[in-house]
Amino acid sequence: AQPMIERFINIYWKPSVKKLDWTWRRHPMLLIGGFILIVMGLIAILAPYLWTIDPTAVDPPNRLMEPGADWWFGTDYVGRDVYSRTIYGARVSLAVGFAVGAMSVVTAAFFGLLAGYFNTVDLVIMRIMDAIMSIPHILLAIALVSMVGGSVPIVIFAIWFVTFPRAVRVVRSSVLSLREEVYVEAARAIGAKTSRILWYHVLPGTIAPLMVTGTLIIAGSILTEAILSFLGAGIDPETPAWGSMMADGRRTISKAMWVVGIPGGFLTFTVLAINMIGDNLRDILDPKLSRSGT
């Protein structure tokens, strides 16, 4: 067993540690952003076990209590615990952000491949994408949520619908250059099927820009959900969400800054962490930037 363990360490453990050390030295913000995002994810998952109470429980006698030993983050204008609402609000924001990001990446890969590789399909798909992008995305999202309702799945669909066209354009631009590469021409010359060319030769070249775009979409979706909730056009106001908490705190901001500042701080740190990850991923995955830094 000892030689097997040593072989595992030499083959997998030591190179991983060396690569992690290289990443930390070259891109410290990537690891910092990843750490913050992991902490936020753990907070969302473990919310019931982090000494929280019912985030919707109203306690009028204890309204607008300052942060202290009894109320860690204070209370809002109806006596709800800001700490519990902030912790549970992480679930909504992260769920919306990552769901929209995953859906946008998948749909962008599908439609972007078709639009970039087939000229006739490109005319149809890109005109539809241009039509969606011509409408301000916040107004379109508000209209979609207002027509159907303010549940979490509806908000996810509305934000995805106004977000994914931009990701499609990113994939399409990559495919337009990749389809002219020598290895794609060689695969086409030997009679490879179009589906095989797209899956094995073109799609891998779009993964790097998709990863970077996906992180930007996640951050933007979290902000969009907060804006919708702040405007009262998002998720049910009873559901704890950072945007709705900030909206509720507007009326008492002069007396209770913590009602707006604490969820706003969590929102800022989460979006900042995701943006740091996306920015550093772009530096790592871009060959030109990687060579210039060596």
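**Helix packing and aromatic pairs**

I started with helix H5 (residues 137-148) and H8, which pack at an angle of about 60 degrees with their axes 11 Å apart. This is a predicted model, so I keep that in mind throughout. At that angle, H5 and H8 are oblique to each other. I also looked up the hand of the crossing of H5 and H8, and it is right-handed.

Next I asked which residues of H5 and H8 meet. From H5 I noted His137, Ile138, Ala141 and Ile142, and from H8 Thr224, Ile227 and Leu228. Sorting the residues of this H5 with H8 contact gave me five nonpolar, two polar and no charged.

Then I turned to H7.

My tally for the contact of H7 with H8 reads five nonpolar, one polar and one charged.

On to the rings. How many aromatic pairs does the structure hold? I got 12. I picked out Phe111 and Phe164, a tilted pair with 6.4 Å centre to centre and 40 degrees between the planes. Why does this pair tie together parts that are apart in sequence? Phe111 lies in helix H3 (residues 82-117) and Phe164 in helix H6 (residues 152-178), so the pair links parts 53 residues apart in sequence.

Is Phe164 buried or exposed? Phe164 has a relative accessible area of 5%, so I call it buried. Phe111 comes out at 29%, so it goes down as partly exposed.

Last entry: I looked for rings that group together, and found that Trp51, Trp72, Phe73, Tyr83, Trp242 and Phe266 form one aromatic cluster.

Technical notes
Residues numbered from 1 in each chain as written. Predicted model: local features only at pLDDT ≥ 70, side-chain atom pairs only at ≥ 80, totals over all residues. Heavy atoms only, no water. Nonpolar A, V, L, I, M, F, W, Y, C, P; charged D, E, K, R; others polar. Axes fitted to C-alpha atoms, helices over the stretch in contact; angles between N-to-C directions. Helix = DSSP H or I, 4+ residues; strand = E, 2+ residues; numbered from the N terminus. Parallel < 35°, antiparallel > 145°, perpendicular 65-115°, else oblique. Left-handed = near helix turned anticlockwise from the far one by under 90°. Contact = heavy atoms within 4.5 Å. Phe/Tyr/Trp six-rings, centres within 6.5 Å; stacked < 30°, edge-to-face > 60°. Buried < 20%, exposed > 50% of the residue type's maximum accessible area, 1.4 Å probe, protein only.
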